[in-house]
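Subject: Structure handover

Hello,

I am passing on the structure we spoke about. The sequence and coordinates come first, and my notes follow below them.

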Amino acid sequence: MSEEHAGGTAKKFLYVNRKAPYGTIYGLESLEVVLIGAAFEQDVSLAFLGDGVYQLAKGQDTKGLEVKNFSPTFGALEDYDVTKLYVEEEALQARGLSAADLVVPVEVVDTRRMAEIMEDQDVILSF
Amino acid sequence: MKFSILVNEGPYTHQASDTAYQFVKAALAKGHEIYRVFFYHDGVNNGTRLTVPPQDDRNIVKRWSELAAQHKLDLVLCIAAAQRRGLMDKSEAKRNGKDADNIAPGFRISGLGQLIEAGIQADRLVVFGA
Amino acid sequence: MMKTMLHTVNKSPFDNGTLQTCLKFVRQGSAVLLIEDGVYAAARDTAVSKQVQEALKSTPIYALRPDVEARGMQNRVMDGVRLVDYEGFVDLVTQHNAVQSWL
């Protein structure tokens with residue numbers, strides 16, 4: 001069973017982020033894939049689950065750590081036509097956060113809707 | 001089917017590279033095609049020529065090189081991740097003024113676009129990580 | 001035709017919530033494959049066995065046999081969890097539309 005995409009039918013790519021920023025590199029390097037991937041004109045979505053929602057938290061000041069603050073990069077996604085950012089409602093609530101605490105506009109979705117979105121994807125990139 | 005594989009972790013510390021290798025071997029045995037194996041994050045460390053693992057255990061890097069040679073696999077180390085972690089081929093070393101290169105046979109260094117392309121061209125992309 | 005997903009979990013369920021998270025998102029028709037340290041979730045009589053048995057009512061759950069055997073769990077696998085080898089892993093990937101690796 002082979003799916004033909006030579007004609008240019010865009011595949012649904014989902015980037016799954018479940019890890020907090022800075023403790024590990026996965027958030028930063030995942031974002032780098034999103035930016036490069038944007039040029040390929042696929043149907044891109046980003047999902048933030050669990051601690052992944054912390055990647056989007058406002059007010060990140062990394063001067064004391066002497067590491068690069070990569071949260072501003074989320075603001076650039078719009079310029080790359082990457083606009084489908086889904087954030088797990090339960091994850092926000094468990095962490096005392098709301099969409100207003102995040103650096104970019106996102107769609108907050110419940111478990112059922114997130115499951116729907118995830119199971120509809122063709123390619124899932126987890127980091 | 002055509003498979004693309006993403007390996008996110010380096011040799012030995014996590015099981016990801018082992019599991020990916022066994023999966024690729026099984027897929028080939030069943031007559032499937034491996035479009036590309038892409039190594040990202042610490043996964044680029046699977047491509048170093050300089051490992052000398054203990055003799056009584058598997059040689060992860062050599063295994064990948066041998067499998068690649070046997071089946072003409074495309075093993076790609078992400079250039080951004082490789083640069084961060086010090087994996088160089090001859091031309092990268094020259095370009096960046098480094099005094100050595102350390103890439104193992106069968107691996108090549110290339111951009112993240114190769115990962116996206118691998119996802120587009122294959123029927124299935126499978127991620128191995130930690 | 002409805003899409004189905006193969007979910008893989010490679011973390012032990014005792015110190016890490018990944019299995020529970022995965023089970024939250026698995027839909028009808030999709031399946032879960034336990035690999036690497038994830039195979040501990042297939043064991044009988046553990047603190048998570050009831051949850052796994054509950055999930056089995058609606059979701060096929062598989063465990064990678066080489067990982068089960070490496071960890072000495074081969075005589076402890078609960079009824080209902082099916083063991084597969086690497087070729088079975090490959091087959092599961094082809095049988096579903098995509099793979100979600102929970103890392």
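Along its sequence, chain A runs through the pattern β-α-β-α-β-α-β-α-β. That amounts to 4 helices and 5 strands. Please keep in mind that this is a predicted model.

On overall form, chain A has a radius of gyration of 15 Å, close to the 14 Å that the globule rule gives for 127 residues, so chain A is as compact as a globular protein of that length. Its C-alpha atoms fill a box of roughly 50 × 30 × 25 Å along the principal axes. Of the 127 residues in chain A, 36% count as buried. Taking contacts in chain A between residues at least 6 apart in sequence, 73% join residues at least 24 apart.

Next, the contact between chains A and B. Here 19 residues of chain A are in contact with 18 residues of chain B. On the chain A side, helix H1 (26–37) and strand S5 (123–126) each supply at least two residues. H1(A) gives the most, with 6 residues. By type, the chain A side divides into 10 nonpolar, 5 polar and 4 charged residues.

Last, the sheet in chain C. Its 5 strands form an open sheet with parallel pairing, in the order S4-S3-S2-S1-S5. Strands S4 (82–84) and S5 (98–102) of chain C are the edges, and each pairs on one side only. Neighbouring strands of this sheet are turned by 30 degrees against each other on average, direction ignored. Strand S1 (residues 5–9) of chain C runs parallel to S5(C), and 5 bridges join the two. Within S5(C), Ala98(C) stands opposite Met5(C).

Regards

Conventions
Residues numbered from 1 in each chain as written. Chains lettered and ligands numbered in written order. Predicted model: local features only at pLDDT ≥ 70, side-chain atom pairs only at ≥ 80, totals over all residues. Pairing = 2+ DSSP bridges. Axes fitted to C-alpha atoms, helices over the stretch in contact; angles between N-to-C directions. Contact = placed C-beta atoms within 7 Å. Nonpolar A, V, L, I, M, F, W, Y, C, P; charged D, E, K, R; others polar. Rg over C-alpha atoms; globule rule 2.2 N^0.38 Å. Buried ≥ 20, exposed ≤ 12 C-beta atoms within 10 Å, placed from the backbone.
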